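Here's a quick briefing on one protein model. Have a look at it first, then read on.

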Amino acid sequence: MHLPLIQSPLNYTGGKFRLLPQLLEHFPADLSVFVDLFCGAGNVGANIGAPHIILNDAQPQLVSLLRMFQHTNTVDFLTAIDALITCYGFSRTCDFGYGYYGCNSSQGVAAVNREPYLRLRGDFNGCRDGFLGVDSRDALTAGFAQPQEYLLFTLIVFAFNNQIRFNARGEYNLPVGKRDFNGHLQAKV
């Protein structure tokens, strides 16, 4: 009997969540170590069931984000994301609906979130040098301590198509998207 599948909260190009039923049947039942060399959103590793799972990716920020998901209590995580959304002044269509912001679902809330998004992206890019160094949980943003992983996840939530992309200088560089931390995204956390 298979346990319910766990879907990563990341929308990652090439994610394998929909393919998991076909993929998982090809792994041995007594697998003791699973190494995912290009883990992406981590969907396969989160569902493999091996006692030892090693996730690797060329994007070190992604691996750090996956570690944070693994070691952070969901309530604490959602509380931190909620605090960032409040602090930066992002929209909350889950609470208020699109009409509150003078738009609809097909238009989205990009116009409302553009300035907060650019501020958050600037703050994240300004402290990225310490991302993998000493404990990144010492990063100070907007007057209170937030791990850079929380900043990155919030950027992803409000980014174009909830994607992850860094330029050659290592800066997160996607434009604002038209969605926010809606019920669908919250359910994946």
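This is a predicted model: local features need pLDDT of at least 70, side-chain atom pairs count only at pLDDT 80 or more; totals for chains, interfaces and linings use all residues.

Numbering runs from 1 along each chain as its sequence is written, and side-chain values use heavy atoms, with hydrogens and water left out.

**Overall**
- You get eight helices and four strands, counted as DSSP runs (H or I, at least four residues; E, at least two) and numbered from the N terminus.
- Of the 189 residues, 42% are buried, meaning under 20% relative accessible area with a 1.4 Å probe, protein chains only.
- Take contacts (heavy atoms within 4.5 Å) between residues at least 6 apart in sequence: 54% of them join residues at least 24 apart.

**Strand β1**
- Phe34 and Asp36 sit on the covered face of β1, while Val33 and Val35 are on the uncovered one.
- β1 runs parallel to β2 (residues 52-55), joined by four bridges; strands pair if DSSP finds at least two bridges between them.
- Phe34 has Ile53 of β2 opposite it.

**Asn162**
- Asn162 is in the loop between α7 (148-158) and α8 (183-187).
- Why is Asn162 counted as buried? Because its relative accessibility is 15%.
- A polar atom of the Asn162 side chain lies 3.3 Å from the backbone oxygen of Ile156.
- Beyond neighbours within four places in sequence, Asn162 is in contact with Asn11, Ile156, Val157 and Leu185.

How values were computed: Buried means under 20% relative accessible area, exposed over 50%, partly exposed in between (1.4 Å probe, protein chains only). A polar contact is a pair of N or O atoms within 3.5 Å; within protein, one must be able to donate a hydrogen and the other to accept it, and residues adjacent in sequence count only if both atoms are side-chain atoms.
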